[in-house]
Amino acid sequence: MSRFKDRVAVVTGAGSGIGEQTAKKLALDGAAVVLVGRTKEKLDRVAADILEGGEAEVFVFQADVKEESQVAGLASFVKETFGDLHILVNNAGTSGNAAIMDLDADEWDRIQETNVKSVFLVSKALGKIMMEGPEGARAIVNVASLSGHKAGAQIPHYSSSKAAVIHFTRSLALEFAEKGIRVNSVSPGFAETPMTSEGLKNKRFEEAVKRNTALGRVGQPEEIASVICFAASEEASYMTGSDLLVDGGWLIR
Ligand code: NAD
């Protein structure tokens with residue numbers, strides 16, 4: 001299959017978990033993919049895996065996406081290397097647990113800057129390249145969370161950041177529609193990735209996660225990545241400003 005043939009894609013937080021699986025699917029489906037993250041070794045490993053899987057075009061760019069100057073560097077790299085951009089997946093994110101009374105302002109800022117400010121910075125810098133390109137299909141997919149829909153105790157900073165991503169997506173969709181850029185978000189429920197691996201070591205916690213989902217199991221990052229790729233593809237050509245919940249039926253339970 002080559003759904004993304006002749007497409008250039010950028011995936012942030014591509015060194016592990018959902019970002020890694022999304023980058024792999026995009027590359028194996030024909031896209032030239034730029035893997036973005038802070039740790040070069042992780043990105044190089046993902047790039048090597050992709051190249052081992054078959055013919056693919058993959059690039060590594062090291063950047064902290066909450067830093068405006070580093071995002072500007074990424075934009076220059078994309079512009080100089082490809083001259084155009086078709087798909088952007090704003091996946092990089094971080095989590096944390098703290099009750100409001102134990103939460104300090106620095107930790108609040110870390111979560112908001114990583115999860116929300118980065119989406120704004122990258123969408124602005126790379127959205128400009130998308131707008132300047134020749135006419136054609138373009139899409140941005142932001143990774144939000146079930147927590148952006150459903151409040152959770154001990155994660156006020158995380159859940160509010162993801163609610164902001166869902167709503168920022170709608171604003172971006174309105175502003176970018178006339179430029180032919182669709183913007184959607186995907187909200188994972190609970191998927192087995194490095195972000196959740198510590199929690200899943202606790203069997204009682206894992207059982208609680210399973211009980212909370214209608215499908216009765218933890219999700220896999222590939223199952224989130226396939227929905228991200230759908231939203232990025234032309235199969236979703238009439239969808240913009242939407243949030244796709246991929247939570248195994250947690251919210252309805
Ligand atoms: P993960 O920790 O494997 O992936 C996050 C990636 O983002 C990591 O590779 C990390 O290094 C990178 N990253 C973090 N801050 C960055 C920064 N400032 N600049 C560049 N890269 C940065 O976890 P994951 O579960 O794959 O998370 C991917 C996304 O999915 C996140 O936005 C997360 O909030 C969201 N999400 C995950 C789950 C889940 O259950 N795993 C549920 C809901 C939402």
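**Ground rules.** I number residues from 1 along each chain as its sequence is written. Because the model is predicted, I read local features only at pLDDT of at least 70 and side-chain atom pairs only at pLDDT 80 or more, while totals for chains, interfaces and linings use all residues, and side-chain values rest on heavy atoms, with hydrogens and water left out.

**Overall fold.** I looked up the secondary structure and found 8 helices and 7 strands, taken as DSSP runs (H or I of at least four residues for helices, E of at least two for strands) and numbered from the N terminus. The radius of gyration is 17 Å, close to the 18 Å that the globule rule gives for 253 residues, so the protein is as compact as a globular protein of that length; the radius is taken over C-alpha atoms, and the rule is 2.2 Å times the number of residues to the power 0.38. I noted that the C-alpha trace spans about 50 × 35 × 35 Å along its principal axes.

Of the 253 residues, 49% count as buried, where buried means under 20% relative accessible area, exposed over 50% and partly exposed in between (1.4 Å probe, protein chains only). The protein exposes about 12,200 Å², of which carbon and sulfur atoms supply 52%, by the Shrake-Rupley method with a 1.4 Å probe, and for residues only the protein chains shown count as cover. Among contacts (heavy atoms within 4.5 Å) with a separation of 6 or more, residues 24 or more positions apart account for 73%.

**Ligand site.** I listed 27 residues around the ligand, and Ser16, Asp64, Tyr158, Ala191 and Thr193 come nearest; a residue is included if one of its heavy atoms lies within 4 Å. By class the shell has 12 nonpolar, 11 polar and 4 charged residues, with Ala, Val, Leu, Ile, Met, Phe, Trp, Tyr, Cys and Pro as nonpolar, Asp, Glu, Lys and Arg as charged, and the others, Gly among them, as polar. Helices α1 and α5 (156-176) each supply at least two residues of this shell.

For oxygen atoms of the ligand, I found a backbone N or O atom of Ala191 at 2.7 Å, a backbone N or O atom of Asn91 at 2.8 Å, and a polar side-chain atom of Lys162 at 2.9 Å. Taken alone the ligand exposes 820 Å², and the protein buries 95% of that.

**Two loops.** Gly13, in the loop between β1 (8-12) and α1 (17-28), is partly exposed at 24% relative accessible area. Leaving aside neighbours within four places in sequence, Gly13 is in contact with Gly19, Glu20, Val36, Asn91 and Ala92, and its C-alpha atom is 7.2 Å from that of Gly93, 80 residues apart along the chain. Thr196, in the loop between β6 (181-188) and α6 (197-200), is buried at 14% relative accessibility and, with the same exclusion of neighbours within four places, is in contact with Phe190 and Ala191.

**Positive phi.** Most residues other than glycine have a negative phi, and I therefore checked the exceptions. Asp6, in the segment before β1, has a positive phi of about 65 degrees and is exposed at 60% relative accessibility. Gln154, in the loop between β5 (138-143) and α5, has a phi near 75 degrees and is partly exposed at 43%.

Conventions. Polar contact = N/O pair within 3.5 Å; in protein donor to acceptor, adjacent residues only side chain to side chain.
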